[in-house]
Amino acid sequence: METDIREQLDELFSPYSGERSDLIPILQKVQEKFGYLPREAMRKIAKFLSLPESTVYGVSTFYAQFKFVPTGKRIVKVCRGTACHVRGGARILREVEKQLGIKPGETTSDMEYTLETVACIGACALAPTMVVDKETQRKMTPQKVAELFSNISKAGENVS
Ligand code: FES
């Protein structure tokens, strides 16, 4: 597995010359490839760019887009902004938690879904909202949430 990651990283680094300015694009590529930033990748990035590992971690923790633990194939984001809150956002989140069997910040055991909450997704007029697989779901109700996840048969087995 480690060897596999190393080979994939070598391939991923190949278009870059090892400049310091390559750091963010490389972090983005690695996350795109693995869904998160594996420890081994952080070490290799630091070596490739001749930077201390602490700098690579420092930069990557600054940006919320970077993750350090594996996430599910699909990211589910439930809006907790004011507009969504006053229109029943809490009920939507509860229903999503029920359907997936996880809490915000957790991933289903089959690595299918990761649940997150966000401050606002910019569609307040269509509140309450959520995003599944980058697709915005508008004017949600608990029933619509249940329908959306109706293909998930093993929600009860899912844990963080
Ligand atoms: S507050 Fe939920 S979309 Fe803006």
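Just after helix H6, Gly101 takes a positive phi of about 75°; helices (H or I, at least four residues) and strands (E, at least two) are DSSP runs, numbered from the N terminus. This is a predicted model, in which local features need pLDDT of at least 70 and side-chain atom pairs count only at pLDDT 80 or more, while totals for chains, interfaces and linings use all residues. Residues are numbered from 1 along each chain as its sequence is written, and side-chain values use heavy atoms, with hydrogens and water left out.

H6 itself covers residues 89-100, 12 residues in total. From its first C-alpha to its last it reaches 17 Å, close to the 16 Å expected at 1.5 Å a residue; the expected span is 1.5 Å times one less than the number of residues. Gly89, Ile92, Leu93, Glu95, Val96, Glu97, Gln99 and Leu100 of H6 are buried, that is, under 20% relative accessible area, where over 50% is exposed and in between is partly exposed (1.4 Å probe, protein chains only). The cover over these buried residues includes strand E1 (74-79), helix H5 (82-86), strand E2 (113-118), strand E3 (130-132) and helix H7 (142-148).

The protein as a whole has seven helices and four strands. Their order from the N terminus is α-α-α-α-β-α-α-β-β-β-α. Of the 160 residues, 40% count as buried. The C-alpha trace spans about 50 × 35 × 25 Å along its principal axes.

In soluble globular proteins, nonpolar side chains tend to be buried together. Here the largest nonpolar core has 18 residues; such a core is a set of buried Ala, Val, Leu, Ile, Met, Phe, Trp, Tyr and Cys residues joined through side-chain atoms within 4.5 Å. The residues with the most contacts inside this core are Leu23, Ile26, Leu27, Val30, Ile45 and Val56. Helices H1 (2-13), H2 (23-34) and H3 (39-48) each supply at least two residues of the core.

Ile26 shows which residues meet there. Leaving aside neighbours within four places in sequence, Ile26 is in contact (heavy atoms within 4.5 Å) with Leu12, Phe13, Tyr16, Ile45, Phe48 and Leu49. A second, separate core of 14 residues includes Val76, Val96, Tyr113 and Met140. Val96 is also one of the buried residues of H6.

In H3, the buried residues are Glu40, Ala41, Met42, Lys44, Ile45 and Ala46. H3 is followed by Ser50, which has a positive phi near 55°.
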